[in-house]
Amino acid sequence: MKVLELIERNRDVKYTIWCKFRWEVETLSELISETYGCPVGSYHGGLSPEDKTQVIDDFRGTNSDFLVASQQVGGTGLTLTECHTVIYLSNTFSTTERCQSEDRFHRIGQTNNVTYVDIVAKNTVDERILDVLKKKKDLSTHIVDTIQAGSTIDLI
């Protein structure tokens, strides 16, 4: 399935697409812009602080319905409550990065239901990465729940 098949162009819907690599951000931004004839915010480590601010301001306003961003760069410190749909084109093995990037959309002021989509090619490392992320998240949840219940955890 092509990534753009997941995107139903609708001026009332805002999309954030997380990528692992800068070339993914740049390539996908260009593809979306050409396909839909609209501006796309590209957010990655090669931008100046001023350019990053402008990209986010455009996304929050009416200038851009798409934000294609590096998960490592944009996954912390941003509030993206304007977003309706979040797509993970690629992931890292970091549960922290994944959780932090998901948290960008669940802030005070969020009025939308947020849909999450992972792009996963069958029989590839993508499946393994998601499996590892799920197991790490499950382990983390188990530890927190155990501590909150007043039990101790033996680490040895």
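Predicted model: local features only at pLDDT ≥ 70, side-chain atom pairs only at ≥ 80, totals over all residues.
Let me start with Thr16, which is buried, with a relative accessible area of 0%, where buried means under 20% relative accessible area, exposed over 50%, and partly exposed in between, using a 1.4 Å probe and protein chains only. Residues are numbered from 1 along each chain as its sequence is written, and side-chain values use heavy atoms, with hydrogens and water left out.

Thr16 is found in strand 1; helices (H or I, at least four residues) and strands (E, at least two) are DSSP runs, numbered from the N terminus. Not counting residues up to four places away in sequence, Thr16 touches Phe59, Leu67, Leu80, Cys83, Thr85, Val86, Ile87 and Phe105, contact meaning heavy atoms within 4.5 Å. With Thr85, which is 69 residues apart from Thr16 along the chain, the separation of the C-alpha atoms is 6.4 Å.

Which strand runs parallel to strand 1 and is joined to it by 5 bridges? It is strand 3, and strand 1 itself covers residues 15-19; two strands pair if DSSP finds at least two bridges between them. Within this pairing, Tyr15 stands opposite Phe66. Strand 2, residues 41-43, also runs parallel to strand 3, through 3 bridges, and there the bridge partner of Gly41 is Leu67. From strand 2 the chain crosses through helix 2, residues 49-60, to strand 3, and this β-α-β crossover is right-handed, meaning that, with the strands pointing away from the viewer, the path from the first strand over the helix to the second runs clockwise.

Is strand 3 largely enclosed or largely open? All 5 of the 5 residues of strand 3, residues 66-70, are buried, so this strand is largely enclosed by the rest of the structure. In a regular strand the side chains alternate between the two faces of the sheet. Here Phe66, Val68 and Ser70 point one way, while Leu67 and Ala69 point the other way.

Turning to the interior, a nonpolar core is a set of buried Ala, Val, Leu, Ile, Met, Phe, Trp, Tyr and Cys residues joined through side-chain atoms within 4.5 Å. The largest has 15 residues, of which Trp18, Tyr43, Ile56, Leu67, Leu80, Val86 and Phe105 touch the most other members. Helix 2, strand 3 and strand 4, which is 85-88, each supply at least two residues of this core, and helix 2 gives the most, with 3 residues. Apart from this core lies another, of 14 residues, among them Leu28, Cys38, Val40 and Phe66.

My next stop is Ser90, in the loop between strand 4 and helix 4, 95-103, which counts as buried at 10% relative accessibility. The side chain of Ser90 reaches the backbone nitrogen of Lys20 at 2.7 Å, and a polar contact of 2.8 Å joins the side chains of Ser90 and Glu24; a polar contact is a pair of N or O atoms within 3.5 Å, where within protein one must be able to donate a hydrogen and the other to accept it, and residues adjacent in sequence count only if both atoms are side-chain atoms.

Finally, Asn123 lies in the loop between strand 5, 115-118, and helix 5, 125-148, and counts as exposed at 71% relative accessibility. Phi of Asn123 is near 60 degrees, a positive value in a residue other than glycine.
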